Amino acid sequence: MIGRLTGTLVEKAPPTICIDVNGVGYEVDVPMSTLYSLPELGARVSLHIHLTVREDAHLLYGFATPAERVTFRQLIKVSGIGARIALAVLSGMSVADLAQAVTLQESGRLTRVPGIGKKTAERLLLELRGKLGADLGASAQAVPDSQSDILNALLALGYSEKESLSALKGLPAGVDVSEGIRQALKALAR
């Protein structure tokens with residue numbers, strides 16, 4: 001029904017913003033990734049919208065990109081996952097990171113998101129397999145097994161996901177796990 005809103009950003013009260021569209025203020029809940037990409041108050045903004053109609057409310061959820069909205073819609077289809085948890089997932093990790101976690105079936109990356117426990121993470125991985133990774137294949141780069149092991153080792157050592165993935169990009173193709181970890185640690189130490 002409402003697929004896009006374009007207007008003036010008049011209020012930011014995370015996770016809710018208010019967009020004035022020709023004199024009507026629309027309250028829209030957004031993930032933190034979208035909130036950080038918004039301009040200053042008074043600027044023109046355009047968001048992709050998901051409208052939820054309930055018996056007691058009409059709720060708007062806004063996203064900076066169509067991929068975020070598609071991912072949100074896939075997340076809320078999973079039993080036990082509501083809009084708040086879906087927004088938390090999108091606030092805690094990018095669409096590409098989520099697609100990669102689903103493709104590699106890495107529940108540990110999902111449990112870092114507040115509100116996602118081990119069982120919920122496993123349910124997400126099970127129900128999103130073949131949907132999220134396949135739909136967003138351009139974003140979810142398949143990582144070879146050795147690189148997946150290297151990534152998990154770096155994460156276990158306390159490096160952030162962003163740092164670890166950056167270190168993986170500098171590794172030669174076909175490197176074995178122990179040599180890859182050594183080279184990645186060397187790159188991270190710089």
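**Close-up views of a predicted model**

**View 1. The hairpin of strands S4 and S5.** Strands S4 and S5 form a hairpin, with four residues lying between the two strands. In this predicted model, strand S4 covers residues 44–53 and runs antiparallel to S5, to which it is joined by six bridges.

View 2. A search of the whole structure finds two aromatic pairs. In the pair made by Tyr 61 and Phe 72, the ring centres are 5.2 Å apart and the planes meet at 35°, an angle that lies between the 30 and 60 degree limits, so the pair is described as tilted. This pair links distant parts of the chain, since Tyr 61 belongs to strand S5 (residues 58–63) and Phe 72 to helix H2 (residues 66–77), with the two residues eleven apart. Tyr 61 has a relative accessibility of 5% and therefore counts as buried, and Phe 72, with a relative accessible area of 0%, is buried as well. The other pair is formed by Phe 63 and Phe 72, which is likewise tilted, with 4.9 Å from centre to centre and 45° between the planes; both of these phenylalanines are buried. Through these ring pairs, Tyr 61, Phe 63 and Phe 72 are linked into a cluster.

**View 3. The largest nonpolar core and the surroundings of Leu 75.** In soluble globular proteins, nonpolar side chains tend to be buried together. The largest nonpolar core of this model has 24 residues, and those with the most contacts inside it are Phe 72, Leu 75, Leu 98, Leu 110 and Leu 124. Two or more residues are given to this core by each of S5, H2, helix H3 (83–92), helix H4 (95–104) and helix H6 (118–128), and H3 gives the most, with five residues. When neighbours within four places in sequence are left aside, Leu 75 is in contact with Ile 81, Ala 86, Val 89, Leu 90, Leu 98, Leu 124 and Leu 128.

View 4. Most residues other than glycine have a negative phi, and most peptide bonds are trans. The peptide bond from Pro 14 to Pro 15, however, is cis, with omega near 5°, and Pro 15 is placed in the loop between strand S1 (4–13) and strand S2 (16–21). Asn 22, although not a glycine, has a positive phi of about 50°; Asn 22 is found in the loop between S2 and strand S3 (24–29), and counts as exposed because its relative accessibility is 79%. Gln 105, also not a glycine, has a positive phi of about 55° and has its place in the loop between H4 and helix H5 (107–111). With a relative accessibility of 28%, Gln 105 counts as partly exposed.

**View 5. The exposed residue Tyr 36 in helix H1.** Tyr 36 lies in helix H1, which covers residues 32–37. The relative accessibility of Tyr 36 is 66%, and because exposed means over 50%, this residue counts as exposed. From C-alpha to C-alpha, Tyr 36 and Leu 151 are 27 Å apart in space, and in sequence they are 115 residues apart.

Notes: Residues numbered from 1 in each chain as written. Predicted model: local features only at pLDDT ≥ 70, side-chain atom pairs only at ≥ 80, totals over all residues. Heavy atoms only, no water. Buried < 20%, exposed > 50% of the residue type's maximum accessible area, 1.4 Å probe, protein only. Phe/Tyr/Trp six-rings, centres within 6.5 Å; stacked < 30°, edge-to-face > 60°. Pairing = 2+ DSSP bridges. Core = buried A, V, L, I, M, F, W, Y, C linked by side-chain atoms within 4.5 Å. Contact = heavy atoms within 4.5 Å.
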